[in-house]
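Work through these exercises with the structure in view. Try each task before you read its solution.

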Amino acid sequence: MTFDRRRKRRHRERRRPPGRCPLAASWETTVTSPTEPAHSTIVAVATPRGRGGLGVVRLSGPKALSIAECIFRSKKSLSGRPRCVQYGQFVDGDGKQIDAGLAWFMQGPSSYTGEDTVELSCHGSELVVELLVEAALQQGAVVAERGEFTQRAFLNGRLDLLQAEAVLDVIQAGTRRDLAAALGAAGGRLSDEVRRVREATLQCIVQVEAHLDFADEDIEPQAITIVREDLSRITDSVQQLRQGYEGAKRRRDGWMVLLVGPTNVGKSTLLNALAHEERAIVAATPGTTRDWVDARVVWGGELLRIVDTAGLRPSSDKVEMEGVRRTQELATEADVLVLVLDGATPWPTQISGSEIVSKAQVVVLNKQDLGLATHLPEGPGWPKTVVPVSAKTSIGLGRLQEALLEALPRESGEARGIFRERHDPLLSACEQALKRAAGALRAEPEKAAADLWEALRQTDELLGEEIGDEVLDRIFQEFCIGK
Ligand SMILES: Nc1nc2c(ncn2[C@@H]2O[C@H](COP(=O)(O)OP(=O)(O)O)[C@@H](O)[C@H]2O)c(=O)[nH]1
Ligand SMILES: [Mg+2]
């Protein structure tokens with residue numbers, strides 16, 4: 001039942017018309033319909049725009065080698081020694097030198113895209129890379145779309161869709177932890193787990209369908225028990241794959257550290273000090289911060305989003321009241337709630353009963369440079385981690401940094417499981433379908449079979465075996481040109 005990638009490869013070129021899935025009439029998935037094979041050779045600059053030490057121009061497609069041989073002159077031919085680096089001169093259509101540098105040829109299908117590929121490494125000059133691309137275009141190449149190299153790798157079966165998406169995550173990873181997770185998924189670890197779910201589901205389908213062939217007989221109770229147990233195991237695996245998603249989302253967007261407290265205690269000053277930039281307005285006038293302001297920092301390999309909020313105080317000002325309401329809303333989403341107080345003044349009794357105060361994990365006693373006069377209360381939610389600091393003079397900020405990292409929700413083991421917004425609804429639908437199937441096994445085996453097919457289809461979409469063109473284009477649009 002797997003979708004034939006070679007056929008997909010033949011079918012897809014740019015702008016393909018949508019068609020029906022040829023595999024199962026009941027599946028309403030649009031896939032590609034037969035058109036000409038991918039004949040075009042694409043070219044793009046693979047390094048970022050601007051000046052740099054090196055610039056890399058990439059070619060992929062059937063004419064990659066012949067085009068490269070027109071614009072690159074070396075002693076030994078590129079084709080004679082695939083995967084070997086050659087030194088030579090880059091030239092334009094008139095034979096005029098553009099630059100000198102290195103080039104190497106990778107013969108399809110053993111290349112990233114699965115096609116003949118040449119990479120040209122020149123000086124990192126915007127003019128040089130532009131001239132090189134222009135020279136390739138003159139020889140018949142076309143400009144690559146965003147992510148088209150990876151898209152071709154996917155269409156040629158070099159990567160499945162989960163791996164292709166992980167490539168983008170490798171490029172975008174901001175922390176070591178993200179990088180490790182992305183590299184694992186790019187190497188196929190997640191895909192293998194999804195494939196195991198798919199295979200096990202298929203085994204259940206075979207069991208149920210076998211009984212359906214004898215329409216007048218019910219499925220034996222013993223067989224039902226076995227399939228139910230299998231389904232329960234598969235559902236567990238799906239749940240495990242889903243579990244890491246919240247963490248992955250948090251790691252990508254940053255753990256939310258919310259600074260809350262009365263007005264004028266130095267929350268905005270603290271945000272600016274922690275972020276080493278002027279993000280929030282600091283003023284001696286209470287109520288200056290009326291909405292939240294945030295800044296992202298990477299500490300100890302973790303991305304944190306520190307959010308400064310409107311001060312907690314009763315107010316008749318509508319805008320300020322709205323700000324306080326938003327603070328309370330944000331407090332429900334925060335990963336670490338930090339109560340900031342003016343440590344040089346007594347405990348502000350007006351906030352004593354507040355839910356935010358009882359939920360706060362870390363208390364910052366600011367303005368330490370003016371002395372310490374706050375006596376913290378006792379009761380539910382206390383004691384908490386207390387850190388005296390001075391946002392103004394930066395005293396204690398290192399200790400605060402440590403305390404915030406310690407307060408982050410602990411994730412066990414290394415990051416694994418699904419990691420993108422596209423994945424969770426698919427696995428959720430898969431999980432629901434598996435549960436429905438388990439419930440329908442005895443009384444409605446036909447329905448159970450249909451649900452199992454539905455679960456299988458979700459795994460196929462996850463792997464990109466069954467996927468609409470629109471979804472695919474949206475995924476690769478996120479990539480940069482040249483990847
Ligand atoms: N002495 C001293 N003053 C501070 C410190 N942090 C903030 N302030 C001052 O306290 C006032 C209120 O600061 P702000 O950051 O706007 O407080 P917010 O209302 O809690 O955001 C400003 O005048 C700041 O300069 C500190 O550590 N020491
Ligand atoms: Mg403020």
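**Exercises on helix 3**

In this predicted model, the cover over the buried residues of helix 3 includes strand 3 (42-45), strand 4 (52-60), helix 2 (64-71), strand 6 (86-91), strand 7 (97-106) and strand 8 (117-124).

**Exercise 1.** Find which residues of helix 3 are buried, and on which side of the helix they lie.

*Solution.*
Step 1. Use the cut-off: buried means under 20% relative accessible area.
Step 2. Val128, Val129, Leu132, Val133, Ala135 and Ala136 of helix 3 are buried.
Step 3. These residues span an arc of only 160 degrees around the axis, so they sit on the same side of helix 3.
Step 4. Recall the general rule: an α-helix has 3.6 residues a turn, so residues three or four places apart point the same way.
Step 5. Now turn to the face away from the buried side. Exposed residues Leu127 and Gln138 are found there.

**Exercise 2.** Compare the length of helix 3 with the expected span.

*Solution.*
Step 1. Helix 3 covers residues 126-138, which is 13 residues.
Step 2. At 1.5 Å a residue, 18 Å is expected.
Step 3. From first C-alpha to last, helix 3 reaches 18 Å, close to that expectation.

**Exercise 3.** Describe what lies at the start of helix 3 and what follows the helix.

*Solution.*
Step 1. Look at the start. A side-chain oxygen of serine 125 comes to within 3.1 Å of the backbone nitrogen of leucine 127.
Step 2. Look past the end. Glycine 140 follows helix 3, and its phi is positive, near 110 degrees.

Conventions:
Residues numbered from 1 in each chain as written. Chains lettered and ligands numbered in written order. Predicted model: local features only at pLDDT ≥ 70, side-chain atom pairs only at ≥ 80, totals over all residues. Heavy atoms only, no water. Helix = DSSP H or I, 4+ residues; strand = E, 2+ residues; numbered from the N terminus. Expected span 1.5 Å × (residues − 1). Buried < 20%, exposed > 50% of the residue type's maximum accessible area, 1.4 Å probe, protein only. Arc of directions from axis to C-beta. Contact = heavy atoms within 4.5 Å. Polar contact = N/O pair within 3.5 Å; in protein donor to acceptor, adjacent residues only side chain to side chain.
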